[in-house]
Structures are given as C-alpha cells and as structure tokens.
Amino acid sequence: MEDNQDYIWMRQALELAHFANSTHEVPVGAILVQDNQIIGRGWNQSITGNDPSAHAEIQALRDAGKQLDNYRFPGSTLYTTLEPCPMCAGAIVQARVSKVVYGADDPKSGACGSVFQLLPSDTRFNHRTDCIGGILATESSNLLKQFFQVRRSKAQPVNLGFPTMNRATKNKQQFQALLLDVDGTMAETERDGHRVAFNRAFADFDLDWCWSEDIYGQLLTVAGGKERIQYFIDTYHPALPQIPNIQEFIIELHQHKTAIYNQILHDSTIPLRPGIARLLQEAKEQGIMLGIVTTTSRTNVESLINTTLGPQALNWFAVIGAGNQVTAKKPAPDIYQYAMQQLGLPPQSCIAIEDSAIGLNSALSAGIPTVIVTVTDYTREQNLTGATLVVENLGDSEHPCQVLAGAINSINLVDIPLLKSLHETPQ
Ligand SMILES: [Zn+2]
C-alpha cells in the first residue's frame with residue numbers, strides 16, 4: 001500500500017515535469033527526499049544543456065550532491081514522474097538511494113521491469129534500492145503524451161541531437177527568466193532580520209557588541225555574514241574574547257546567528273516588499289522562469305519563502321542559487337553564472353532585480369543587460385550607475401512604484417509587460 005505522503009512528494013516532482021515542458025524539454029521531473037526534506041530537484045535538461053546524461057533523476061542527484069557536499073544519500077527516496085532508464089537506475093544505485101517511487105511506466109526503456117529489470121536492484125549490485133511505480137501515473141503520462149503530440153505536429157525532432165527549438169530561442173534572446181536577489185530585495189531581511197539576529201547572537205556569546213542601523217549600513221558593503229563580522233573586528237576594533245582561535249569563534253558565532261535568524265523568520269514573518277508576490281505570480285502565469293540568486297544560505301531562502309508564500313512556492317523557482325554554491329560572493333558574477341548555467345540560458349535572456357550596488361555589479365559583470373534596482377534606506381545613496389531602472393519598490397495597489405532613475409519617468413507598477421519592453425529596448 002502506498003504512503004499518502006508519496007503522492008504529496010510526487011506532486012512536487014510533477015511540477016518540475018511541467019517546468020521542463022515549459023522549457024521545451026521532455027517533461028520529466030524528479031526530487032530526492034531525505035528525512036522528510038527535499039535535498040535535490042531535477043528535470044530533463046538534455047536538449048537545453050546538450051547533455052545526454054541530463055535526465056531528471058541524475059539532475060536531482062547532482063543537485064543533492066551540491067547541497068549536501070556528498071555523493072551518497074543513504075535513506076533517501078527518489079521521486080520521479082517516469083520509470084527510470086538503465087543509465088539513471090545505475091546512478092541511483094551508485095548514489096545509495098534507498099527507494100525509488102515513480103509515476104508512469106516507460107515501455108521503451110524503463111529499467112524497473114518494463115524493459116530491463118535493474119530496480120528493485122538486481123542482487124548482483126552491492127546496494128539494495130527498492131522501487132514502486134504507478135504514483136500519479138496518469139498525470140505523468142498525459143503530460144508526456146501531450147508533449148510528443150505537439151512535437152509531432154510541429155515535425156520537430158526530439159532528443160535526436162538537433163536542438164533546433166533551443167537554438168532558435170537563444171538567438172532571439174527573448175526575455176525568459178527573472179532572477180531575484182533575496183535579502184533587501186524580496187524582503188527587508190537585513191534591517192529587521194539579520195541585524196537583529198547578529199545582535200542577539202552577540203549577547204548570547206557575552207559580547208559587548210551592538211550593530212546599530214547606521215553601523216549595519218556600512219557593514220552591508222561587505223557580502224557574507226562571517227566576512228561582515230571579520231570586517232567589523234578589523235574596522236571597529238571591539239573588545240575580543242580571550243580565545244586561541246578567532247576564525248573558529250567567528251564560525252560558531254555565525255552559526256548561532258543563523259539559527260536565531262531562522263527562528264525570527266519562523267516566529268514573526270518579515271513581509272515581502274511591495275510588488276514581489278504580484279510580480280512572481282505574473283511571471284509564473286506568463287511562462288517566465290524564476291530564479292533566486294543570493295549570498296545568503298539556502299536554509300534562509302527556504303525559511304523566508306515558506307513563511308511568506310508557503311512551502312509550495314519553492315517549486316516556482318527553477319533554480320535557487322544560494323550560499324556556498326560558488327566561492328566568490330557578489331559583486332563577483334559567479335552566482336549569476338551558476339544560475340544561468342542551471343537554466344541553460346544566456347545572460348541576454350535574463351533580467352535581474354537587486355537592491356544594492358554590490359548586487360547590481362554582480363549582475364552586470366555576469367553580462368545581464370537589464371537590471372532593476374529597488375532601493376532600501378541602506379542603499380539609496382549608493383552608486384547605482386548601470387541600472388536600467390532604479391525604483392523605491394516594484395509597486396502594488398497600496399504602494400505605487402516611484403521611479404528614482406532610469407529610462408522611464410512615471411509608472412505605477414513594474415510588471416511583466418514593462419520588463420519585456422525594457423528588455424527589448426537597447427541599453
Ligand atoms: Zn534516465
């Protein structure tokens with residue numbers, strides 16, 4: 001008897017299959033779950049990535065590897081909308097996945113009994129992976145049928161090594177993805193969340209340090225929490241505890257601060273800034289991909305999205321570029337480059353939303369031509385040269401958008417049609 005929870009997880013894998021469909025990929029989605037948490041998400045990216053191994057299951061394993069900094073996931077369950085092929089079955093056993101739950105059978109290349117019998121794993125493997133199928137099978141297979149019908153009617157080859165549709169789309173450089181920074185941009189998490197959490201952590205560690213809103217404004221020129229503490233010590237020379245290793249101390253202090261910050265997000269929701277929820281919804285409805293591009297940790301991102309938009313909303317984002325996925329933090333372009341690589345898109349197809357000079361410069365140096373900056377009290381005096389549009393906020397019914405600089409003088413809302421027209425206008 002299947003577990004009801006299996007349907008809940010499979011529904012999330014199915015959302016990723018729908019997402020693959022929207023990028024003209026064969027619609028298969030997969031998630032990897034461990035201890036009741038999603039540790040990896042994947043969808044077919046073979047056509048967009050020119051990568052025969054980029055099946056949804058393998059992409060989910062790769063994502064989990066990056067998240068957990070490991071290559072084996074004992075005790076995990078992989079949910080995939082289509083019966084895995086022999087390649088994926090092999091990778092699943094290599095990754096020590098405990099169980100596979102799949103949707104539709106694949107009579108052409110399924111490795112769970114339809115064609116090959118690799119899962120539940122063959123006894124000659126040295127790891128046992130269990131397997132059940134048929135969860136939301138009809139929905140999964142209908143999505144695949146629709147996809148192939150559309151492709152046949154357009155007489156376009158699928159998965160034959162001719163990524164015609166993909167190339168054409170890239171060359172047109174349409175606006176396809178909206179990439180958002182989190183802290184300051186989606187919510188005033190810096191002033192009302194991080195700063196407060198730092199101060200509580202200092203008190204818990206018996207440190208006589210206090211970061212006022214003014215001091216914090218200066219510290220925000222440094223990206224990264226640990227880096228910010230180090231900069232504070234170097235610049236303000238506060239009284240230090242008598243300890244042998246200051247680096248270890250900073251790491252512990254920062255971990256404690258992160259725990260407090262997540263508690264703040266959990267207890268008292270920090271609201272999203274005006275227009276954020278509206279614009280995300282519009283993007284979703286109009287087939288614009290969404291991505292998160294931030295220096296903050298993935299846990300922080302997930303807490304904020306959970307408490308403001310609900311846990312389902314995590315699936316709205318085709319990529320969450322966060323924390324330790326790259327070494328060089330903003331203003332380096334690395335995190336934007338990571339996100340665009342995951343999406344299989346060139347910078348010319350993306351628009352970024354940021355709240356500061358650091359973020360703006362990160363997006364610009366990644367080659368993104370259109371960057372909207374929504375200022376905060378901390379950033380309105382910064383040099384924002386290069387921004388396409390500088391506004392107080394994105395605008396909603398109670399907070400009309402106020403333009404501070406840029407190509408347009410007066411608008412009520414930053415919405416998808418406006419972004420499209422800014423994207424088409426040469427900068
Ligand atoms: Zn496969």
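This is a predicted model: local features need pLDDT of at least 70, side-chain atom pairs count only at pLDDT 80 or more; totals for chains, interfaces and linings use all residues.
Glutamine 173 sits in the loop that links helix H6 (164-172) to strand E6 (177-180). Leaving aside residues up to four places away in sequence, glutamine 173 touches Pro346, Gln348 and Ser349. Glutamine 281 is 108 residues apart from glutamine 173 along the chain, and their C-alpha atoms are separated by 23 Å.

Let's step back to the whole chain. Its secondary structure comprises 15 helices and twelve strands. The radius of gyration is 23 Å, close to the 22 Å that the globule rule gives for 427 residues, so the chain is as compact as a globular protein of that length. The C-alpha trace spans about 65 × 55 × 35 Å along its principal axes. Of the 427 residues, 45% are buried. If you count the contacts with a separation of 6 or more, 60% of them join residues 24 or more positions apart.

Now turn to a sheet. Five strands form an open sheet with mixed pairing, in the order E2-E1-E3-E4-E5. Strand E2 (37-43) and strand E5 (130-132) are at the edges with a single partner strand each, so one side of each has no neighbour in the sheet. From one strand to the next, the twist averages 15°.

Both kinds of pairing can be followed through E3. Strand E1 (residues 29-34) and strand E3 (residues 77-82) run antiparallel and are joined by four bridges; here alanine 30 has threonine 80 of E3 as its bridge partner. Helix H1 (residues 4-22) packs on the sheet, where H1 touches E1, E2, E3 and strand E4 (99-104), and the direction of H1 makes about 145° with that of E1. Helix H3 (residues 56-68) also packs on the sheet, touching E1, E2 and E3, with its direction at about 135° to that of E2. E3 pairs with E4 too, this time in the parallel sense and over five bridges. As for E4, five of its six residues are buried, leaving the strand mostly covered.

H3 has a helical neighbour as well. H3 and helix H4 (residues 86-94) pack with their axes 9 Å apart, at an angle of about 25°. H3 is therefore roughly parallel to H4, since angles under 35 degrees count as such. Their crossing is left-handed. The contact involves Glu57, Ile58 and Leu61 on the H3 side, and Cys88, Ala91 and Ile92 on the H4 side.

Finally, which helix is largely enclosed by the rest of the structure? It is helix H14 (residues 357-365), because eight of its nine residues are buried. These are Ala357, Ile358, Gly359, Leu360, Asn361, Ser362, Ala363 and Leu364. The cover over the buried residues of H14 includes helix H13 (334-343), strand E9 (350-354) and strand E10 (370-374). Just after H14, look for glycine 367, which takes a positive phi of about 90°.

Key. Residues are numbered from 1 along each chain as its sequence is written. A residue is buried if 20 or more other C-beta atoms lie within 10 Å of its own, exposed if 12 or fewer, and partly exposed in between; C-beta atoms are placed from the backbone. Helices (H or I, at least four residues) and strands (E, at least two) are DSSP runs, numbered from the N terminus. Two residues are in contact if their C-beta atoms, placed from the backbone, lie within 7 Å. Two strands pair if DSSP finds at least two bridges between them. Axes are lines fitted to C-alpha atoms, for helices over the stretch in contact, and angles run from 0 to 180 degrees between N-to-C directions. The radius of gyration is taken over C-alpha atoms; the globule rule is 2.2 Å times the number of residues to the power 0.38. Angles under 35 degrees count as roughly parallel, over 145 as roughly antiparallel, 65 to 115 as roughly perpendicular and the rest as oblique. A crossing is left-handed if the near helix is turned anticlockwise from the far one by less than a right angle, and right-handed if clockwise.
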